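Subject: Structure handover

Hello,

Here is the structure for you to look over. My notes on it follow below.

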Amino acid sequence: ALAEAGVEYAALGNNHVFDALTPGLDETTRALDEAGVSYSGAGGSSEAAWEPAYLEERGLTVGMVSCTTISGGGYNVDWPADGADEEYSFTQEIDGQNETISFSGGVGVAEPTEKRIAEGVLEANENADVTVVQIHGGEEYQRSPTDEIEDLTEAASEAGADIVVNHHPHVTGGLEFRGGTLVAWTLGNLVFDQ
């Protein structure tokens, strides 16, 4: 449905991409691959999660970097793809049968630090005419960015991002130029049952 609607890219760096753990992430990336929809922000390793997606549009190459500050801290599993030394195992009942899911902590989302987001921007800049960074985070229903989102946005801008798009709060937060970087502080909702 996304591809048929003309969507060419999906930001997987968000707080729901790991809701169904590795089976859900695998199904998501497989479905996007089959539909020809590019993505970034999550994957089977830290390198895959941080790998920018590239789109060709009107003779320009656009590099897309996606990450999330919301990384599962309140759950029994960390969502970032940076914990390759960790192993997780969950047993749940499905259709009357116990099923165990085991996976490496090296699978999951791209969790940003100022250094890591700058590295992602520099990589995209090497291969793209325009670099877009999407940061999923902040406080729900708050228009103003948190200090963490401001710091990460500034790091992306200083590294050379052309556009930084922040999202997660479900409300709009306005646009502003930070140097040569256009910043959307929070997008609000396009389609959401709220």
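The model is predicted. I start with the packing.

**Cores**

The largest nonpolar core has 21 residues. Ile117, Val133, Ile135 and Val164 have the most contacts inside it. Five elements each supply at least two residues of this core: helix 2 (46–50), strand 5 (60–68), helix 3 (114–127), strand 9 (130–136) and helix 4 (147–159). Helix 4 gives the largest share, five residues.

Take Ile117 as a way in. Setting aside neighbours within four places in sequence, Ile117 is in contact with Trp50, Cys67, Pro112, Val133, Ile135, Leu152, Ala155 and Ala156. Val133 and Ile135 are also on the list of residues with the most contacts inside the core.

There is a second, separate core of 16 residues. Leu12, Leu21, Trp79 and Phe103 are among them.

**Helix 4**

Helix 4 has 13 residues, which should span 18 Å at 1.5 Å a residue. The buried residues of helix 4 are Ile149, Leu152, Thr153, Ala155, Ala156, Ser157 and Ala159. What do they pack against? Their partners are helix 3, strand 9, strand 10 (163–167), strand 11 (175–178) and strand 12 (181–184). After helix 4 comes Gly160, with a positive phi near 115°.

**Helix 1**

Helix 1 covers residues 21–35. Its 15 residues should span 21 Å at 1.5 Å a residue, and the end C-alpha atoms are 21 Å apart, which agrees. Its buried residues are Leu21, Thr22, Gly24, Leu25, Thr29 and Leu32. These cover an arc of only 165° around the axis, so they sit on the same side of helix 1. An α-helix has 3.6 residues a turn, so residues three or four places apart point the same way. Exposed Glu27 and Glu34 are on the face of helix 1 turned away from its buried side. Gly36 follows helix 1, and its phi is positive, near 75°.

Thr22 lies in helix 1. Its relative accessibility is 11%, so Thr22 counts as buried. Beyond its neighbours within four places in sequence, Thr22 is in contact with Ile101, Phe103 and Val107. Phe103 is one of the residues of the second core.

Not counting residues up to four places away in sequence, Ile101 touches Thr22, Pro23, Tyr88, Ser89, Phe90 and Gln92. Of these, Ser89 is 12 residues from Ile101 in sequence. C-alpha to C-alpha, Ile101 and Ser89 are 5.6 Å apart in space.

**Backbone: two residues to check**

Most residues other than glycine have a negative phi, and most peptide bonds are trans. Leu21 is not a glycine, yet has a positive phi of about 55°. Arg58 is not a glycine either, and its phi is positive at about 50°.

Where does Leu21 lie? Leu21 is in helix 1. Arg58 is in the loop between strand 4 (53–57) and strand 5. Are they buried or exposed? Leu21 has a relative accessible area of 14% and is buried. Arg58 counts as exposed, at 81% relative accessibility.

**Pocket and cavity**

Rolling a probe the size of a water molecule over the atoms shows where empty space is left. The largest pocket holds about 1,000 Å³ of space. Its lining has 26 residues. Ala11, Asn14, Gln134, His136 and His167 lie nearest its centre. Strand 1 (9–11), strand 9 and strand 10 each supply at least two residues of the lining.

How many cavities of 30 Å³ or more are there? The count comes to one. The largest cavity has a volume of about 50 Å³. It is lined by Gly137, Gly138, Glu139, Gln142, Ser144, Pro145, Thr146, Ile149, Asn166, Pro169 and Trp185. Ile149 is also one of the buried residues of helix 4.

Best wishes

Key: Residues numbered from 1 in each chain as written. Predicted model: local features only at pLDDT ≥ 70, side-chain atom pairs only at ≥ 80, totals over all residues. Heavy atoms only, no water. Core = buried A, V, L, I, M, F, W, Y, C linked by side-chain atoms within 4.5 Å. Buried < 20%, exposed > 50% of the residue type's maximum accessible area, 1.4 Å probe, protein only. Helix = DSSP H or I, 4+ residues; strand = E, 2+ residues; numbered from the N terminus. Contact = heavy atoms within 4.5 Å. Expected span 1.5 Å × (residues − 1). Arc of directions from axis to C-beta. 1 Å grid on protein atoms, 1.4 Å probe; cavity = no way out; pocket = protein on both sides within 12 Å on 5 of 7 lines; lining within 4 Å. Points joined across faces, edges and corners; volume = space filled by probe spheres on them.
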